[in-house]
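Reader: I would like to go through this structure with you. Could we begin with the charged side chains?

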Amino acid sequence: MPRHADRHRRISLLFDLFAVSNRVRALLRQAMGNAGLRPDEYAIYSAVFKVGPLTISELAAVAGMPLTTVSDYVQTMTSRGHARRWGNPIDSRSLLVTLTDEGLAAHATARVSFAKVISRLRRALPLPEQEVIRALHALDDAAGQVLAELAAEDRRQRQLATAAAARVRTRPGNAAHD
């Protein structure tokens with residue numbers, strides 16, 4: 001199978017990730033078109049299946065998605081009868097999510113299509129799957145670190161802006177002060 005020209009793979013690490021992500025989405029859409037769950041839904045069901053029961057916040061962290069997006073998925077799953085929520089005995093402010101029997105059946109049906117495509121993808125990999133997984137985890141860890149750094153920088157900038165605004169308001173001769 002012809003490979004994409006190397007010059008297209010030299011744009012940047014993040015561009016390569018963007019392109020691979022789009023190709024994987026297209027691959028999964030095609031392979032799972034009749035699976036009963038969209039690939040993104042299958043991913044969320046899989047996280048609940050493998051890690052659950054878990055809170056929506058925990059699911060958002062596992063999936064690397066915003067809380068509101070995961071909440072929408074859980075609402076859809078619940079309305080289909082594929083998931084149930086109940087009070088978390090450890091933290092009464094949160095709810096736990098798990099798949100129902102219907103959700104487990106939907107996940108199992110979709111898993112058939114997923115298993116076929118991941119098997120083919122594994123055979124096509126030019127290096128061991130564990131190396132790819134380690135690299136992806138390293139990239140995920142690095143992205144998490146940079147996100148945390150950016151959030152801290154944003155907090156510092158807001159604090160500096162708030163302090164500067166407070167100094168302006170309290171200066172003698174300032175209309176707000178007089």
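Reader: Is Asp91 buried, partly exposed or exposed?

Author: Asp91 counts as partly exposed, at 24% relative accessibility. Buried means under 20% relative accessible area, exposed over 50%, and partly exposed in between, with a 1.4 Å probe and protein chains only. Please note that this is a predicted model, in which local features need pLDDT of at least 70 and side-chain atom pairs count only at pLDDT 80 or more, while totals for chains, interfaces and linings use all residues. Residues are numbered from 1 along each chain as its sequence is written, and side-chain values use heavy atoms, with hydrogens and water left out.

Reader: Which side chain meets that of Asp91 in a salt bridge?

Author: The side chain of Arg93 does, at 3.0 Å from N to O. A salt bridge is a side-chain nitrogen of Lys or Arg within 4 Å of a carboxyl oxygen of Asp or Glu. Arg93 counts as exposed, at 76% relative accessibility.

Reader: How many salt bridges are there in the whole structure?

Author: A search finds 5. One of them joins Arg122 and Glu129 at 2.8 Å, N to O. Arg122 is partly exposed at 41%, and Glu129 is partly exposed at 28%.

Reader: What about Arg80, which side chain does it meet in a salt bridge?

Author: Arg80 meets Glu41, with 2.7 Å from N to O. Arg80 lies in the loop between H4 and strand E2 (83–87) and Glu41 in helix H2, so the pair ties together parts that are 39 residues apart in sequence. Helices (H or I, at least four residues) and strands (E, at least two) are DSSP runs, numbered from the N terminus.

Reader: And are these two buried or exposed?

Author: Arg80 is partly exposed, at 36% relative accessibility, whereas Glu41 is buried, with a relative accessible area of 5%. Both residues belong to a network of salt bridges that also links Arg38 and Asp40.

Reader: Turning to H2, which of its residues are buried?

Author: They are Pro39, Glu41, Tyr42, Ile44, Tyr45, Ser46, Ala47 and Val48. These residues pack against helix H1 (13–31), strand E1 (54–55), H3, H4, E3 and H5, where packing rests on contact, meaning heavy atoms within 4.5 Å.

Reader: What is the span of H2?

Author: The end C-alpha atoms of H2 are 18 Å apart, which agrees with the 18 Å that its 13 residues should span at 1.5 Å a residue. The expected span is 1.5 Å times one less than the number of residues.

Reader: Which residues touch the most other members of the largest nonpolar core?

Author: Val48, Leu59 and Met77 do, in a core of 23 residues. Such a core is a set of buried Ala, Val, Leu, Ile, Met, Phe, Trp, Tyr and Cys residues joined through side-chain atoms within 4.5 Å. The elements giving two or more residues are helix H2 (39–51), helix H3 (56–63), H4, strand E3 (95–99) and helix H5 (101–124). H2 provides the largest share, 5 residues.

Reader: What is Val48 in contact with, beyond its neighbours within four places in sequence?

Author: Val48 is in contact with Leu54, Leu59, Met77, Val97, Thr98 and Leu99.

Reader: One last topic: where is His107?

Author: His107 is in helix H5 and counts as buried, at 2% relative accessibility. Its side chain makes a polar contact with that of Ser46, at 2.8 Å. A polar contact is a pair of N or O atoms within 3.5 Å; within protein, one must be able to donate a hydrogen and the other to accept it, and residues adjacent in sequence count only if both atoms are side-chain atoms.
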